[in-house]
Amino acid sequence: MKKRILAAASALVLLLLLVSAAGADGPSTWDPVNQAYMYNEEHYGVVICTKMNVRNRPATSGTTYGSIRNGQPVKILGTSQDGNFYLLDLASCGIASSEYYGYAKSSLIKMDPEYIIASRLLNLYATPWGDGLKNGEQNNRAFLVISAVPGWYAVQATDSTPGSAFIRAKDIALDNSGRYVVTWDTDLYDDNTMAKSGVVKRFTVGSLIGISGEFSRMVFNEGKDNEFRAWVKSQFVAPVIN
């Protein structure tokens, strides 16, 4: 009798490990091989430090597969048990390895990034109360949003280096429905044939009009004589905050 009770209890514990540990977008299944909770859906992130190491296990003592730099998008597959590391798709990191997955500190990645667009001249500040003008005025730029506080956005201050600055929320026009930002210099694919047709630069803004597998269909230069449609890998696009 006691053995049957213990067996039933063990089965229940195993079942609890296999069911969802959070909502639809949260951790889903414990993977004992990778020692990670795998997300129900793939997430993308952007590196927000100067250089980030990707390792073979969720610890800073793990062997380094390679390093990737500020601004690079990555595909996030899951999270370590303590939440301190993300499990990444190594191919999405541009790291050549016989392995498929690697770990990086979650504090160095902005998951599911969003951007704001400076459509007119505005100032960046060192604090969220308007002190310490930083980097002067900005115009026609996309900013990665690190966090938001009442009345302010904390954003990545420059295109190429990490570090936060603050923008007044009232200075940003939030009328960008359907607008997306290209987060990395990447390939364009022909709208009809899906053959590579060119490249698109980081921070280019366009409208998202469709998704197919790992690709997003975009409209660039919308409303202009040189308007065109093309596909971009979804890993390299992120929404503009509305």
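These legends go with a set of close-up views of a predicted model.

Residue numbers start at 1 in each chain and follow its sequence as written, and side-chain values rest on heavy atoms, with hydrogens and water left out. Because the model is predicted, local features need pLDDT of at least 70 and side-chain atom pairs count only at pLDDT 80 or more, while totals for chains, interfaces and linings use all residues.

**View 1. The largest cavity has a volume of about 40 Å³.** Here a cavity is a set of points, on a 1 Å grid over the protein atoms alone, where a 1.4 Å probe fits but cannot get out; lining residues have an atom within 4 Å of a point. Grid points are joined across faces, edges and corners, and the volume is the space filled by probe spheres set on the points. Two cavities of 30 Å³ or more are counted in this way. Around the largest one you will find Y115, R141, A142, F143, L144, Q156, T158, D159, R202 and F203. Strand β12 (residues 141–149) gives the largest share of this lining, four residues. Strands are DSSP runs of E with at least two residues, numbered from the N terminus. By type, the lining has five nonpolar, two polar and three charged residues. Ala, Val, Leu, Ile, Met, Phe, Trp, Tyr, Cys and Pro count as nonpolar, Asp, Glu, Lys and Arg as charged, and the others, Gly among them, as polar.

**View 2. The second largest cavity has a volume of about 30 Å³.** Its lining is made of Y44, G45, V46, P73, P113, T183, Q235, V237 and A238. Six lining residues are nonpolar, three are polar and no residue is charged.

**View 3. Strand β12 pairs with β9 and with β13.** Two strands pair if DSSP finds at least two bridges between them. Strand β9 (residues 115–118) runs antiparallel to β12, and four bridges join them; A118 has R141 of β12 as its bridge partner. Four bridges also join β12 to the antiparallel strand β13 (residues 152–156), with V149 opposite W152. β12 and β13 make a hairpin with two residues between them, and G151 in the turn has a positive phi of about 85°.

**View 4. Seven strands form an open sheet with antiparallel pairing.** Follow the order β17-β16-β20-β19-β18-β15-β21 across the view. β17 (196–200) and β21 are the edge strands, each pairing on one side only. From one strand to the next the twist averages 45°, with axes fitted as lines to C-alpha atoms and angles running from 0 to 180 degrees between N-to-C directions. Within the sheet, β18 (residues 205–212) and β19 (residues 215–220) share six antiparallel bridges, and I211 is partnered by S216 in β19.

**View 5. M194 and F203 each have a positive phi without being glycine.** Most residues other than glycine have a negative phi. M194, with phi near 65°, lies in the loop between β16 (186–190) and β17. At 32% relative accessibility, M194 is partly exposed; buried means under 20% relative accessible area, exposed over 50%, and partly exposed in between (1.4 Å probe, protein chains only). F203 has a phi of about 80° and sits in the loop between β17 and β18. With a relative accessible area of 19%, F203 is buried.

Terms used:
On a 1 Å grid over the protein atoms alone, a cavity is a set of points where a 1.4 Å probe fits but cannot get out, and a pocket is an open set with protein on both sides within 12 Å along at least five of seven lines; lining residues have an atom within 4 Å of a point.
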